[in-house]
Amino acid sequence: MFDTAKSEQAFARASKVIPGAVNSPVRAARAVGRTPVFLESGSGPYVWDADGNRYIDYVGSWGPLICGHAHPAVVEAVCEAASRGTSFGAPTEAETVLAEEIAKANRSVDRVRLVNSGTEAAMSAIRLARGATGRDSIIKFEGCYHGHADSLLVKAGSGALTLGVPSSSGVPQALVEKTLVADYNDADSVRALFEEHEGSIAAVIVEPVAGNMGVVAPAPGFLAELRSITREHDSLLIFDEVMTGFRVAYGGASALYGIDPDLTCFGKVIGGGLPLAAFGGRADLMEQLAPLGPVYQAGTLSGNPLAVACGLATLRLLQEPGTYEHLCAHTSALACGIRDIADRFGVPLRVNCEGAMFSVFFTEHEVVDYRSACAADADTYARYYRAMLEAGVYLAPSQFEAAFVSTAHSERDIAYTLERIEHVVAALQR
Ligand code: KE4
């Protein structure tokens, strides 16, 4: 019997002091019809909950743990940094080394500013785009999520979509009006907005591979069209690679698809599990940031030595030869295995995968945009989630998220996962 009594007690206690018992809404697992398990430890591809249940983890803290939990090299780097102090509020050479590494991996990035979260990275990139162009409006895509800054909580994905609040209350209408929304994989919807708002659009921000409506790849040519439309209208192209950066390839979606944005947001993997994110891009843009230029952006703990040490250790592990071939091989083995199971049991199911991230949608249609993602059967996803959890596989508690494979997942873990999925999918049929 799958016992989560201690998690349920922890949930009841937390609910008395933390809204929804969680510090980020999507963790609440409300969309999949159960209370969340409280986790206590992780090692490699595994996590253990408060009741001692072990799970194969495909959430990986929503992407950062690409090298698995408590990797010895990462733990050693963080402990060594901590032994020299946790924060100085002054420049350190390690920050320069990390910034150099990010710039080297991303050919469109000349300068980098380190921040503490993907939200900060996207919010700051938008402010920089507005300051650099003197324009106020931005274009985002329905179902894409760029963190919870006011301007970006408009028809957003991830937890906002999961909980049915894609456009949050509390965001002033005056701001909402400056956020124009296009349809993902529909370049004509972007052209139409530029025609209607000619001269007032500072930037287009896009997840170059969407991960917050579930995984949805860019249609052939879509990113290239965004690049030419923004150039044509003297607007900026911002790639939000918080999820895809160092995840779909070492050089992110930019390298994978050969498109150079003007600005890029990073997060998750570059912090290796500690709070660290970044934004970067063309020198002429980035040097408009304070203290050099008029666009202000700041942070007490930005470039924190422990987070930088964690991120650097993670990136160094990812530079080992064959890493991405291994990650992609395991991810596609899962995707192909799941498709095969669905075919054998006649279950309408689609698997979208890109690099080391994938999503399962219970639908008979290809999932190529927000509309088709929303048409998938989220109730069946919830049943699948609950059954997989009981089978010892920890997935994202939402249809509108991605699952992540790490370098720590072994062939045995992949085989066990597929075996459990076969058992669960067969039961879904009954
Ligand atoms: P954070 O502020 O949560 O560090 O990053 C915001 C963000 C920005 N851009 C993209 C493409 C993102 O995926 C995210 C955050 N991703 C979600 C999961 N889809 C974080 C999980 C959560 O909200 O708890």
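Predicted model: local features only at pLDDT ≥ 70, side-chain atom pairs only at ≥ 80, totals over all residues.
Reader: Which residue does R227 form a salt bridge with, if the closest N and O atoms are 2.8 Å apart?
Author: Start from where R227 sits, which is helix α8 (residues 222-232). Its partner is in the loop between α9 (252-257) and β9 (263-266), 35 residues apart from R227. With the closest N and O atoms 2.8 Å apart, that partner is D262.

Reader: Is D262 buried or exposed?
Author: The relative accessibility of D262 comes out at 5%. Buried means under 20%, so D262 counts as buried.

Reader: What about R282, which forms a salt bridge with D262: how does R282 count by relative accessibility?
Author: The closest N and O atoms of D262 and R282 are 2.9 Å apart. D262 is in the loop between α9 and β9 and R282 in the loop between β10 (277-281) and α10 (283-286), so this pair ties together parts 20 residues apart in sequence. For R282 the relative accessibility is 28%.

Reader: How does S108 count at 10% relative accessibility?
Author: S108 is in the loop between α3 (93-105) and β4 (111-115). Leaving aside residues up to four places away in sequence, S108 touches D260, P261, T264, G281 and R282. The cut-off for buried is under 20%, so at 10% S108 counts as buried.

Terms used
Residues numbered from 1 in each chain as written. Heavy atoms only, no water. Helix = DSSP H or I, 4+ residues; strand = E, 2+ residues; numbered from the N terminus. Buried < 20%, exposed > 50% of the residue type's maximum accessible area, 1.4 Å probe, protein only. Contact = heavy atoms within 4.5 Å. Salt bridge = Lys/Arg side-chain N within 4 Å of Asp/Glu carboxyl O.
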